[in-house]
Amino acid sequence: MNSKMKGVVGAASFGTVLEWYDFFLYGTAAALVFPHLFFPSTDPVIGTLLSFAVYATGFFARPLGGVISGHFGDRVGRRRTLLVTLLVMGISTALIGVLPTYDQVGLLAPVLLVVLRIVQGLATGGEWGGASLLTLEHATERRAFWGSFISAAVYVGLILGNLVFLLLNQLLDDNALLSWGWRIPFLLSLLMVAVGVYIRRRVTESPEFEAVKNHQEQAGAPIIEALRSHPRNIVAIFLMRLGQNTSFYIISVFCLAYATNTLGVDRTVTLTALLVGSAAAAISCPLWGMLADRHGYTGIMVGSLVVSALLAFPTFLALDSKSAAVIVATMIVMIAGVNASNDAIQPGYFTAMFGTRIRYSGVSIGREGGGIIGGGLAPLIATALYAHYGHWWPVAAWIVFTSIAGIVGALLARPVVDELTIEVMGDVERVRLSA
């Protein structure tokens with residue numbers, strides 16, 4: 001990395017790590033402890049369903065967060081918007097850590113949890129797009145490679161969110177974990193977000209946005225302009241995210257609960273498998289980015305979704321083996337291979353579909369919209385399917401169906417060239433579009 005890009009990537013990625021640490025933290029807690037604390041029931045499946053339902057509310061809020069952040073990101077700037085999303089996420093996550101439980105205040109506890117989960121979703125909806133733009137609009141070459149670090153940061157956030165619970169699971173017994181230990185990971189967010197804000201304040205605004213601002217070319221209503229000018233690309237991003245997110249969140253959230261609660265696999269095994277798979281994904285993301293810079297995005301996107309569909313059923317067969325080694329190996333293949341190859345190229349691929357004036361809004365609404373079904377509803381749909389049919393095969397079939405939808409999205413995508421950026425920056429490489 002040159003010194004300039006090192007600073008930009010570091011600032012954007014570190015904030016992304018913290019944002020996704022906070023967001024994934026809830027997913028782990030939803031699978032392992034929240035059913036007992038906020039949704040007590042004699043039927044553990046009902047408790048898990050309710051916990052995942054609240055988990056889904058964060059994803060429903062993300063498109064709205066994307067619209068809000070996209071508007072201000074395209075009007076005011078990427079850097080300022082990202083500082084706000086980081087603060088909002090950190091404070092809401094810390095507040096979850098001080099919530100009273102159902103046994104203490106009754107129905108008020110899950111209501112407060114829902115409110116804070118929605119706030120988390122609003123903040124997350126503007127994070128990925130802003131961090132990707134802040135990085136790529138500084139890059140003069142190797143856009144897929146630089147963008148892949150934002151995707152790697154998401155996996156690092158997942159690692160931290162699960163690592164804390166893994167350590168607590170080793171150090172505390174169940175009574176201590178459920179009484180007070182679960183609060184520690186959420187409260188740690190305050191310390192981490194303070195560091196993130198300090199780092200992000202030191203990075204400069206995107207040169208491409210500054211060029212648009214200097215020419216007074218900001219869109220008056222960027223989300224409306226994005227919907228009018230590039231509806232096909234918004235739909236394409238929606239479908240690609242649906243395909244990739246469904247596989248990822250079923251594996252990282254539903255399968256964690258399925259293996260632990262249904263199969264009786266030790267919680268340490270499932271968390272370790274998720275950690276190892278995510279660590280391998282964080283390492284592999286830049287490699288996938290380099291591959292995309294050489295060979296383009298579409299082939300990698302389609303290939304990852306095809307493999308996701310082919311491995312859906314074998315993944316559950318691997319879980320049913322209850323073998324720790326098999327489960328860990330499966331997580332490495334599905335997360336570091338299938339999902340990371342798709343995730344790594346999305347910053348470069350998705351940002352290439354809109355001009356600078358509307359890029360934050362266009363990317364955010366398409367990506368976060370796909371996250372509603374593919375992310376938020378995926379564990380809930382999977383749990384409901386399993387509860388109704390009494391078997392995992394409908395869950396695997398759902399992964400296949402959404403993967404096919406993602407392939408359709410990749411074939412629909414049409415990257416565009418930002419004429420204003422070419423004129424202002426005088427460097428066609430600034431907006432080189434691999435597709």
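1. The crossing of α15 (324-351) and α16 (residues 359-389) is right-handed. A crossing counts as right-handed if the near helix is turned clockwise from the far one by less than a right angle, and as left-handed if anticlockwise. Helices here are DSSP runs (H or I, at least four residues), numbered from the N terminus.

2. This is a predicted model, in which local features need pLDDT of at least 70, side-chain atom pairs count only at pLDDT 80 or more, and totals for chains, interfaces and linings use all residues. Residues are numbered from 1 along each chain as its sequence is written, and side-chain values use heavy atoms, with hydrogens and water left out.

3. Now the angle of that first pair. The axes of α15 and α16 come within 10 Å and cross at roughly 130°. Axes are lines fitted to C-alpha atoms, for helices over the stretch in contact, and angles run from 0 to 180 degrees between N-to-C directions. α15 and α16 are therefore oblique to each other. Under 35 degrees counts as roughly parallel, over 145 as roughly antiparallel, 65 to 115 as roughly perpendicular, and the rest as oblique.

4. Q346, F350 and T351 of α15 meet R359, V363 and R367 of α16. Contact means heavy atoms within 4.5 Å. The residues of this contact divide into two nonpolar, two polar and two charged. Ala, Val, Leu, Ile, Met, Phe, Trp, Tyr, Cys and Pro count as nonpolar, Asp, Glu, Lys and Arg as charged, and the others, Gly among them, as polar.

5. K322 deserves a look. K322 sits in the loop between α14 and α15. Its phi is near 60°, a positive value in a residue other than glycine. Most residues other than glycine have a negative phi.

6. α14 (residues 298-320) packs with α17 (residues 393-412) at an angle of about 170°, with the axes 8 Å apart. That makes α14 roughly antiparallel to α17. The contact includes M301, L305 and F316 of α14 and W393, I399 and I407 of α17. Its residues divide into 16 nonpolar, four polar and no charged.

7. α14 also meets α12 (231-262). Their axes come within 10 Å and cross at roughly 15°. That makes α12 roughly parallel to α14. The crossing is left-handed. Among the contact residues are M240, Q244 and F254 of α12 and M301, L305 and F316 of α14. The contact divides into nine nonpolar, four polar and one charged.

8. How many cavities of 30 Å³ or more does a search of the whole structure find? There are five. A cavity is a set of points on a 1 Å grid over the protein atoms alone where a 1.4 Å probe fits but cannot get out.

9. The lining of the largest cavity (residues with an atom within 4 Å of a point) includes W20, W128, Q244, D343 and R367. α1 (3-32), α7 (143-171) and α12 each supply at least two lining residues. α12 gives the most, with five. The lining divides into six nonpolar, three polar and three charged.

Conventions
1 Å grid on protein atoms, 1.4 Å probe; cavity = no way out; pocket = protein on both sides within 12 Å on 5 of 7 lines; lining within 4 Å. Points joined across faces, edges and corners; volume = space filled by probe spheres on them.
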